[in-house]
Amino acid sequence: MSWSHRSTRTGALSAGLTALALVAATVVAPQAVADPVADLHDFADGPQGWFSYGGASSSSVVDGELCVVVPAGTTNPWDVAAQHDDVTFDEGGTYTVSFTAHATAAVSVPLRAGIGWPDDVSATVALGAQAQDYAYAWTPGFGGTGNVSFQLGAQAVDYTFCLDDFRISGDVELVAEDFDGALPTGWSANGWTVTSQPGEGEPLCLAVPAGSDQYAGLVLDGVPIEEGGNYRLGYTASSSSGATIRTVVGENAPPWRTAFVDSTALDTALTEHELAFTSPVTFPERSDDPAVGVGQVALQMGGRGDHEFCITSLSLAKVATPPPAYEPDVRGPVRVNQVGYLPDGPKNATVVSESDQPLAWRLEDAAGASVATGRATPSGTDPSSGLAVQTVDFSAYRTPGTGYTLVVGDDRSDPFAISSDVYAQLRYDALNYFYPVRSGIAVDVPDDRYDRPAGHVSGPDGAVKKGDLGVACLTAADDGASWSYGTWTCPAGYTRDVVGGWYDAGDHGKYVVNGGIAVAQLMSLYERTLHTPNAARGALADRTLDVPADEDGNRVPDVLDEARWELEFLLAMQVPTRSGMTVSATDRRSLDGMVHHKIHDVGWTGLGLLPSQDAQERRLHRPSTAATLNLAATAAQGARLFERYDKKFAERLLQASRTAYAAAARVPDLYAPASAGQNGGGPYDDTEVADERYWAAAELFLTTGEKRFARDVERSPLATADIWSRSGFSWGSVAALGRLDLATVPSRLASRDAVRASVVAGAEKYLGWQQADAFGTAYPGEADGSYVWGSSSSVLNNQVVLATAYDVSGDVRFARAVLESMDYLLGRNALNVSYVTGYGTVAASHQHSRWLVPPPPGTVSGGPNSQRGTWDPVMNRLYPAGHDCAPQLCYVDDIEAWSVNELTINWNAPLAWVASFVADLGSSGLPAAPVVTRHPADVCARTGTAVTLRAEATGVPAPSVRWQVRSPRRGWVDVPGAKGASAALRVVVTPATDGDEYRAVFRNASGSAVSHTARVSLVRGHR
């Protein structure tokens, strides 16, 4: 093997990459370098060893600074100086000198340190009236004791020089290794085979087998790390497959704390990488207690398929200068939807500004011509971002075009379009995410980067134990310390073939509860086209998506083909009859008809691993009631949708749904443990399944029309509950899936009007939050102000409720709120970034995934997550304790930052739903709402008094009015006889009607509606 020793140099995916050059390490046992001015000179208690000399100069400590009055007219720079003696340097040491300084005149002065000319080092310091921070790197070629001085003379004017926070620190080399083609003493490599030959300057090369654990790699123990210490780590390495290396400085024993974690894609050529960090923890060099971990450096390369890893050198140094605090690059203050706006839709932007005066703005076209102007509205400090902002509304401008920019002062937004088809492709890209994440099938898509062999159809050499054929049950031996399934009885020899379905997220696991909500939303976005005139029906026909050849042109809508792939997997996860499986040895309830909660590897795999390369063993986890009801719900929905395309499959789905529903009634309390099987997969634990039961009953009723399912729906405690939470619905809170389908799918449910009213009421709640938000998002954050994990999906699922309310009521306000929330997702946010890959000037492109690198266009990132306890090591490094981020700012586009930047099927499903909705709005247009010229006003009258509520509206054609009253049980209901062209309603005020709310709902022929509400109250004291 021949190697080129020339290497390219790259930056690292790390916060605060140091600007100082990494000095090549050349010794195995490096000598520590002394700190010549180890203590910070902050002049809090006097000059701290500093003095001045020369002419009429004088020095003193003023307000915590050392200040020197310097006279004009001296001949040489060294005629006047501020100096510190007894500074010792080591020859060849690397030093950082840092300080803050300013002067009353703009002057440049030499900074010198040494033991006598010519044995010195120097820098030129340009001073001004404002205090500045300075830092210089010195590597003296001499050793000894001397001094450091600012040479202040030879200036043409009198001035005063002031100094603060001075320090000279030396770097301490902790590790300095040149591998020279061999594994050095003290290093371990997991028993991997060394493929290189020893030789000076040669890389150490290791054959990394596919089956090795993701945490396996090249390791050196005994590295001391100090809390608060600043470190610089460098290595030069390559991978024959371009795999991602996970660099860890951390603990070599439980609890496996980490000082630093970084993931970087290696090149196939040797490439130098530099990383800088401040450690939040302390690891001793060694310990007499085996239970206490010590520090180690680990380059983890396992779990990434067969490849060869090579490295020439590695160094780790403790340095004086901390990496700068992480500051996201937000580029500019004008935030817009970086993709664009519909011509007749809302067009809003947010401008970050401390000004409390309305800012002037102008809209420019691609040629730079001003086409619209106006003034922004100051909105104060936005709580979710901590930013003072103003909002801009340019909705009145409707001319289609591309290359528009919004200009505020000297600042310009990213370019965007105004077009009716601005969302047309996003509908398909969001749906095309699902084929590349299919399990058990070879992927062949137009973008060859995502083509790959089938995953988990078998293990190496056809060993089915490592694929999804013949998968056995998880045992305590598989799961070790996290085993918490107790005495679950899985019969000897029990296996299931569970090939298929979608990989859940960035890993290789498949989870029924997450697959359930995802497939339900894909089916619902198709089912929407069957029941609302607002949808473009042909947009989701056959031959509209990237699907396998045998599904292309099969006369089945492609979105249903995609849904079927997941439904088949869910069916395979159902426990067959006469399985012999019971809850436990003492609880003999049969688990026949129940559904296994999940299947995944027994150990985590590393980044950069195709599913077909995964050599981990796979295991089925215990059935759960939540998973069982997920199958009952999704299979029932699928049964009614596939009825016209494949009756046998529809019958199979309905039978499985009935069986699962009955099984969940027999075993209503079997929950997935929070700790079970986290080695290789997430728990997806859920101990509240009333929502799953309500959802399943709803879908079974809508499919069968059977009264027993209608009774179960209406007897559910969730039938009338306020289920519209701030963070929206999710895999663990699915009641909204049932409520939304009950509102939109035609049925004879007695309470259907109330269900539809409740959806509108929920949308009103989200609308209020959306309209009050300075960035226009339908997600208001949690009650404590935080943003949750997967906040992008919270925005999207709240948009689904708003969109459904539009379909139900025709109220165009809800459709406009959906559109404006898209602005947030596509760039109008605190970070000025689009959370959808491929959409926008700056978009997320490093989502956490083992093989979708970069993710395909139309992939949504999880988004900001400010709940620190859920963070990954990258987020904890960027924002160490005491350095919190505002909720909207708690995000980084880093492949290792899984707590903010993962991709998942249950996040892309609502993106596809919403993208389809807004694409339909683009093709059909937003109906113009009636113009209300008089709306009902609150009234207060004595008991028995008759009052008249009046409302008037205009429009072409003339709108009709319907009066409604709010019922505590049923929400808004029509007032009998109060509809038609009449705009007045007569109400008698009595104690029974005190506080009642009435609203006038105006609707035009296009279906668009607006409403206004009035409250009727008794005059106090006259009851």
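Reader: Which residue in β11 stands opposite Q83?
Author: S149 does. This is a predicted model, in which local features need pLDDT of at least 70, side-chain atom pairs count only at pLDDT 80 or more, and totals for chains, interfaces and linings use all residues. Residues are numbered from 1 along each chain as its sequence is written, and side-chain values use heavy atoms, with hydrogens and water left out.

Reader: How many bridges join β6 to β11?
Author: Eight bridges link β6 (residues 81–89) with β11 (residues 144–151), and the two run antiparallel. Strands are DSSP runs of E with at least two residues, and helices are runs of H or I with at least four, numbered from the N terminus. Two strands pair if DSSP finds at least two bridges between them.

Reader: What is the order of the open sheet?
Author: The order is β3-β6-β11-β8-β9, with antiparallel pairing. β3 and β9 (119–127) each have a single partner strand, so one side of each is left without a neighbour in the sheet.

Reader: Turning to helices, how many residues of α4 are buried?
Author: Twelve of its 15 residues are buried, including L560, F569 and L571. Helix α4 (residues 558–572) reaches 22 Å from its first C-alpha to its last, close to the 21 Å expected at 1.5 Å a residue. The expected span is 1.5 Å times one less than the number of residues.

Conventions: Buried means under 20% relative accessible area, exposed over 50%, partly exposed in between (1.4 Å probe, protein chains only).
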